[in-house]
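Trainee: I would like to go through this model with you, from the overall fold down to single contacts. Could we settle the terms as we meet them?

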Amino acid sequence: MRTSQYLLSTQKETPADAEIVSHQLMLRAGLVRKLASGLYTWLPTGLRVLNKVSEIVRDEMNKAGAIEMLMPVVQPADLWQESGRWEEYGPELLRIKDRHNRDFVLGPTHEEVITALVKNEISSYKQLPINLYQVQTKFRDEVRPRFGIMRSREFTMKDAYSFHIDNDSLEKTYQDMFQAYCNIFERLGLEYRPVIADSGSIGGAVSHEFHVLAESGEDAIAFSDSSDYAANTEMAEALAPAGEKPTGTQTMSEVATPNVGTIEQVCAHFDVTAEQTVKTLIVLAQQQDDQPQGLVALVLRGDHQLNTIKAEKLAEVHAPLTLASDDAVKQMLGCDIGSLGPVGLTIPVIVDRSAAHLADFICGANKTGYHLQGVNWQNDVGEIQQADIREVQAGDPSPDGQGKLEIKRGIEVGHIFQLGDKYSSAMGCGVLNEQGKHQILTMGCYGIGVSRIVAAAIEQNHDKYGIIWPDAIAPFKLALIPMNMHKSHRIQEVAETLYEKLTAAGIDVLFDDRKERPGVMFNDMELVGIPHTLVIGERNLDENKVEYKSRRSGEKQLLDIDNVIRFIT
Ligand code: ATP
Ligand code: MG
Ligand code: MG
Ligand code: MG
């Protein structure tokens, strides 16, 4: 590719609204452009990276025996009603109507569609197991899209779904997928960790997330310092020793008959003092017919970003809850968040009253007669989850009993689940078994955030000059930079010949043939993160040499022109 015929679109200034380095660099290096909140256009350079990630994912999926297919983005609501998720999923599910007033959704995931398909296509146990996947656009109306394509509303996911006659078969495919994911992240050249995870609103029991380790990660991961134990801290919390949790909690469904307690009683109940300062207040509103009903106030101390994430997680898992914006909170409470009084509950409380009463409680103006209680959460299959949100601390005992926990931050780039029969039962997806009887199938599902990986890779691979792509996903492998080519016939000739030879050798070359100063070219190629650079200059040409520079190590060396191809490949 020649820069003169390409859309490089680099920019010098760091965009003010980009908080994390990958978002900043993706904008500066001309990988993506924002169209609207959570919606991004992939520019040519970004698309090259995205495609390379997809190809690695495809290759490993194929090797593991999964079969590629493609399902529609738009899905009929009936399927979601059948599975029960039309009610369960909450506002992240974008619902639309067609011209006949029929309900549809923009698919945030495809369990319903694939289950309906397999129900029709597969009739005998002899056709099983089967593992089908796609690389496709998903839409989730995220409450707070942020960090560019890291948490966007439209994004690319690889999602696979496996179907089995029994759990042994599911377990085997799950292990194969686990291994395929390890292979993928190895090949991508990323530092990653599989961790035990909560299966959230997808359902099922066994689940692992794959995290790329990075300071900016939205998830906290707990590692044992003396075993292989690693878990998303949400999960580590659920597994934390029971003695350290607040007791006497009730489920969401029991809120109809709430305890009545004074603020002092509540504080005593949860062993917190009213003096602890409120730093962040997040209110979750229980929606019914788009109207906030009861309010769940989640008052958290400490890190704002972390708390926001935690609140979003809760809202996500507990579908009828939605996060209120700061403005909405202000409206509901009738006061500014900043003015809230010295109340420091670190656990969720349910307030089964109107917003006005909540305002009284939170502000501490009226301390009697409020319906407050700590809650456990009920998951979507009706099991009660111990989901108090005590944060796991570094130094806590590891839930596996071996050693102490260390906490690191991670970006969730993959998530695999053993779903069991959640969807197959609800939708009647079964086959004739060996005995000739109809039997409901058991399922697994396996997601990878293909587009998020691009951002995660940058979080792990950058310096002050720009991106440093791992070779496997670099938009171009090599930048060819002729110095003042337009003034030197000799340089032009060597550059053109090298470009031809390198391209013929199958190397992705970006040939910077612009009439730019060398400094401009170097800066652009470093910003874009091309792993290898060849500089063609007059002085080195006198000795039949060109200069090679590695983007990652910064090391330079002179190469004989005749050795270039061998060196690069
Ligand atoms: P998160 O916890 O970050 O919201 P999730 O648990 O909701 O992710 P899954 O349902 O497990 O996501 O989907 C599989 C993968 O899709 C995730 O592991 C993640 O890499 C990716 N993904 C999910 N939501 C987004 C998003 N809004 N933008 C980009 N990638 C996403
Ligand atoms: Mg999510
Ligand atoms: Mg998650
Ligand atoms: Mg997940």
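Mentor: Let us begin with accessibility: a residue is buried under 20% relative accessible area, exposed over 50% and partly exposed in between, with a 1.4 Å probe and protein chains only. Please also keep in mind that this is a predicted model, in which local features need pLDDT of at least 70 and side-chain atom pairs count only at pLDDT 80 or more, whereas totals for chains, interfaces and linings use all residues. Residues are numbered from 1 along each chain as its sequence is written, chains are lettered from A and ligands numbered from 1 in the order in which they are written, and side-chain values use heavy atoms, with hydrogens and water left out.

Trainee: Is Arg-146 buried or exposed?
Mentor: Arg-146 is found in the loop between strand E7 (130-139) and strand E8 (154-164). Its side chain makes a polar contact with the side chain of Glu-218 at 2.3 Å; such a contact is a pair of N or O atoms within 3.5 Å, where within protein one must be able to donate a hydrogen and the other to accept it, and residues adjacent in sequence count only if both atoms are side-chain atoms. Because its relative accessibility is 12%, Arg-146 counts as buried.

Trainee: Over the ring of which residue does the charged end of Arg-146 sit?
Mentor: A charge sits over a ring if NZ of Lys or CZ of Arg is within 6 Å of the ring centre and within 35 degrees of the ring normal. For Arg-146 the distance to the ring centre is 5.4 Å, and the ring is that of Phe-147.

Trainee: Which parts of the chain does the pair of Tyr-548 and Phe-567 tie together?
Mentor: Rings of Phe, Tyr and Trp (its six-membered ring) pair if their centres lie within 6.5 Å, with planes under 30 degrees apart counted as stacked, over 60 as edge-to-face and the rest as tilted. The structure holds 11 aromatic pairs, and the one formed by Tyr-548 and Phe-567 is edge-to-face, at 4.8 Å centre to centre and 70° between the planes. Tyr-548 is buried, with a relative accessible area of 8%, whereas Phe-567 is partly exposed at 36%. The two residues are 19 apart in sequence, so the pair ties together strand E29 (residues 545-550) and helix H17 (residues 564-568).

Trainee: Which residues does Ile-561 touch, not counting residues up to four places away in sequence?
Mentor: Ile-561 is found in the loop between strand E30 (556-560) and H17, and at 15% relative accessibility it counts as buried. Its C-alpha atom is separated by 5.3 Å from that of Lys-545, which is 16 residues apart along the chain. The residues touched are Val-494, Leu-541, Asn-544, Lys-545 and Val-546.

Trainee: Which residues coordinate the magnesium ion that is ligand 4?
Mentor: Donors are N, O and S atoms within 2.8 Å of the metal (3.2 Å for Na, K and Ca), and water is not among the atoms, so sites may look incomplete. Ligand 4 and the magnesium ion that is ligand 3 are 3.2 Å apart, with one residue, Glu-412, coordinating both. Glu-412 is partly exposed at 23% relative accessible area, while His-415 is buried at 11%. At 2.1 to 2.2 Å, ligand 4 is coordinated by Glu-412 (OE) and His-415 (ND1).

Trainee: How many of the residues of helix H13 are buried?
Mentor: Helix H13 spans residues 450-460 and is largely enclosed by the rest of the structure. Its buried residues include Arg-452, and an N or O atom in the side chain of Arg-452 is 2.8 Å from an oxygen atom of ligand 1. Of the 11 residues of H13, the number buried is 10.

Key: Helices (H or I, at least four residues) and strands (E, at least two) are DSSP runs, numbered from the N terminus. Contact means heavy atoms within 4.5 Å.
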